[in-house]
Amino acid sequence: MAAEGQLFDKKSLRAVTGHTADWSELAKDCVAFATASGGVIWIGVEDNQELPPRTQKIPANLPDTIRKRIGECTVNVTVLPELDVASNGGEFIRLNIPRSASGMPSTSKGQY
């Protein structure tokens with residue numbers, strides 16, 4: 001995958017699990033992608049890594065949790081999370097965010 005930028009980002013699995021989950025930060029990133037040309041976020045891959053840890057397994061319900069939580073935190077943003085397996089066998093979530101076609105995307109707190 002290309003370097004992180006306007007179309008691609010990586011997030012630690014800690015961004016969406018446990019006490020360190022930061023849903024508002026992920027929501028802001030999703031709004032930014034939906035406002036522009038769309039984009040992809042790999043959840044479960046650290047910023048300084050190309051792949052997830054080879055032993056990493058994603059909880060089966062996490063993609064649905066992400067879809068629901070981002071839906072609660074945003075307006076006019078669609079997220080399409082998919083469980084993916086890297087070449088090393090580690091699992092991660094490929095979060096596809098298409099460009100919004102239904103109005104101006106924002107967080108549910110009104111941030112654009």
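What is the relative accessible area of Glu46?

Modeller: Glu46 has a relative accessible area of 28%, and that makes it partly exposed. On this scale, buried means under 20% relative accessible area, exposed means over 50%, and partly exposed lies in between, with a 1.4 Å probe and protein chains only. Please bear in mind that this is a predicted model, in which local features need pLDDT of at least 70 and side-chain atom pairs count only at pLDDT 80 or more, while totals for chains, interfaces and linings use all residues. Residues are numbered from 1 along each chain as its sequence is written, and side-chain values use heavy atoms, leaving out hydrogens and water.

Let's begin with the partner of Glu46. Arg14 forms a salt bridge with Glu46, and the closest N and O atoms are 3.5 Å apart. Arg14 sits in the loop between β1 (8–11) and α1, and Glu46 in the loop between β2 and α2, so this pair ties together parts that are 32 residues apart in sequence. A salt bridge here is a side-chain nitrogen of Lys or Arg within 4 Å of a carboxyl oxygen of Asp or Glu. The helices (H or I, at least four residues) and strands (E, at least two) are DSSP runs, numbered from the N terminus.

The whole structure holds seven salt bridges. One of them joins Asp9 and Lys11, with 3.7 Å between the closest N and O atoms; Asp9 and Lys11 are both buried. Another brings together the side chains of Glu25 and Lys28, at 3.5 Å from N to O. Both of these residues belong to helix α1, three residues apart, or about one turn of the helix. Glu25 is partly exposed at 31% relative accessible area, and Lys28 counts as partly exposed at 37%.

Contact means heavy atoms within 4.5 Å, and, leaving aside neighbours within four places in sequence, Gln56 is in contact with Leu13, Gly44, Gly90, Glu91 and Phe92.

Asp84, in strand β4, touches Gly90, Glu91, Phe92 and Arg94, not counting residues up to four places away in sequence. Asp84 is buried at 18% relative accessible area, and its side chain makes a polar contact with the side chain of Arg94 at 2.5 Å. A polar contact is a pair of N or O atoms within 3.5 Å; within protein, one must be able to donate a hydrogen and the other to accept it, and residues adjacent in sequence count only if both atoms are side-chain atoms.

The 12 residues of α2 (residues 62–73) should span 16 Å at 1.5 Å a residue, and the end C-alpha atoms are 16 Å apart, which agrees. That expected span is 1.5 Å times one less than the number of residues. Leu62, Pro63, Ile66, Ile70 and Cys73 are buried in α2. Seen down the axis, the buried residues of α2 fall within an arc of 100°, so they line one face of the helix; the arc is that of the directions from the helix axis to the C-beta atoms. Exposed Lys68 and Glu72 are carried on the face of α2 turned away from the buried side. The cover over the buried residues of α2 includes α1 (23–35), β2 (39–43) and β5 (91–97).
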